Amino acid sequence: MATEEKMNLFDGIFSLYNDLQQEEKFKNSKEPVMNLIYHLVLKNMRSLKTMQIIMDSKELKNSYLETLPLLRIQIETFFHLAYITEHENTDVCLNEYQKLQDFQLLRVARNLKKLDEQKPNILSNDEREFIDLHKNKRVAKKDIEHLDMPWKLSNIINKYEEYVRTYSVLSSYVHYNPSTRSAYGNSKENNVIYNQFIYNEQEESIILRNAIRIGLSTIQTISKFLDIEEIQEKTSKVFKEWENAFISKK
């Protein structure tokens, strides 16, 4: 089980989030991209809180393994947040994300239409209405390809190393990959003994270290974008605690 010092950093982040949300510049920002940012903040907060609940669980052995998909969500969320807050033209940025939304809806509509062609009369009325509503959307994929492909997005924001070393590795815990079976059992003579978990403190610590770092980086990025100095200073202090817990004691 992770040390109390490390787990307490979760509460440090949620306290920062609470302070951030009380700030006038956050609550009543006139920035056009804030609706995107609000969504990303909520997504980060919820995934982080879920990670905390799972890691505190006594019901699952090595419960930290089940937080890996959530860590991947956090990283991708941060990629988008960094892209938005660093974009030189908010109007262009908003237009890109509207196109991304249209493209994603169109993709679902096309998939439903293919299903209807393969199995006539299988779709519900709601699904048919969805097709009619979104089938005529026109989006040039090249315009939003960088938003739909995390590796391209990470390149733009100079986070490609993080994509390669962390995000791409975590993909195997989201999409089925037989290589991850070793994490769910004990190895003996090159055979995996099913459901025999061996606690790995180092793995758990790495997950915690990255989750806390991304949470703090998210708050830091937003407070910098909105020029909220007090939150930046508070975040820097918690970052020091993070360094003491994970970096100094390596």
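Pro 150 is buried, with a relative accessible area of 17%, because buried means under 20% relative accessible area, exposed over 50% and partly exposed in between, using a 1.4 Å probe and protein chains only. Pro 150 sits in helix 8, residues 150-156. This is a predicted model, in which local features need pLDDT of at least 70 and side-chain atom pairs count only at pLDDT 80 or more, while totals for chains, interfaces and linings use all residues. Residues are numbered from 1 along each chain as its sequence is written, and side-chain values use heavy atoms, with hydrogens and water left out.

**Around Pro 150**

- Leaving aside neighbours within four places in sequence, Pro 150 is in contact with Glu 76, Phe 79, Tyr 163 and Tyr 167; contact means heavy atoms within 4.5 Å.
- Pro 150 and Arg 110 are 40 residues apart in sequence, and their C-alpha atoms are 23 Å apart in space.

**The chain as a whole**

- The chain has eleven helices and two strands, where helices (H or I, at least four residues) and strands (E, at least two) are DSSP runs numbered from the N terminus.
- Reading from the N terminus, the elements run α-α-α-α-α-α-α-α-α-β-β-α-α.
- Taken along the principal axes, the box filled by the C-alpha atoms is roughly 55 × 55 × 30 Å.
- Of the 250 residues of the chain, 41% count as buried.
- The accessible surface comes to about 15000 Å², and 47% of that belongs to carbon and sulfur atoms; such areas come from the Shrake-Rupley method with a 1.4 Å probe, and for residues only the protein chains shown count as cover.
- Among contacts between residues at least 6 apart in sequence, 70% join residues at least 24 apart.

**The nonpolar core**

- The largest nonpolar core has 60 residues, and those with the most contacts inside it are Phe 10, Ile 37, Leu 71, Ile 212, Leu 216 and Ile 222. A nonpolar core is a set of buried Ala, Val, Leu, Ile, Met, Phe, Trp, Tyr and Cys residues joined through side-chain atoms within 4.5 Å.
- At least two residues of this core come from each of helix 1 (4-22), helix 3, helix 4, helix 5, helix 7, helix 9 (160-170), helix 10 and helix 11.
- Helix 4 supplies the largest share of this core, ten residues.
- Not counting residues up to four places away in sequence, Ile 222 touches Leu 20, Phe 26, Ile 37, Val 41 and Leu 81.

**Where helix 5 meets helix 7**

- The axes of helix 5 (residues 90-118) and helix 7 (residues 141-148) come within 9 Å and cross at roughly 95 degrees. Axes are lines fitted to C-alpha atoms, for helices over the stretch in contact, and angles run from 0 to 180 degrees between N-to-C directions.
- Helix 5 and helix 7 are therefore roughly perpendicular to each other; angles under 35 degrees count as roughly parallel, over 145 as roughly antiparallel, 65 to 115 as roughly perpendicular and the rest as oblique.
- On the helix 5 side, Glu 96, Tyr 97, Lys 99, Leu 100, Phe 103, Gln 104 and Arg 107 meet Lys 141, Asp 143, Ile 144, His 146, Leu 147 and Asp 148 of helix 7.
- The residues of this contact divide into five nonpolar, two polar and six charged. Here Ala, Val, Leu, Ile, Met, Phe, Trp, Tyr, Cys and Pro count as nonpolar, Asp, Glu, Lys and Arg as charged, and the others, Gly among them, as polar.

**Two loop residues with positive phi**

- Most residues other than glycine have a negative phi.
- Asn 62 is not a glycine, yet its phi is positive, near 50 degrees. Asn 62 lies in the loop between helix 3 (34-56) and helix 4 (68-86), and at 10% relative accessibility Asn 62 counts as buried.
- Asp 227 has a positive phi of about 60 degrees although it is not a glycine. The loop between helix 10 and helix 11 (229-247) holds Asp 227, which is partly exposed with a relative accessible area of 45%.

**Two threonines in helices**

- Thr 221 lies in helix 10 (residues 201-225) and counts as buried at 17% relative accessibility. Beyond neighbours within four places in sequence, Thr 221 is in contact with Phe 78, Leu 81 and Thr 85.
- Thr 166 has its place in helix 9 and is buried, with a relative accessible area of 16%.
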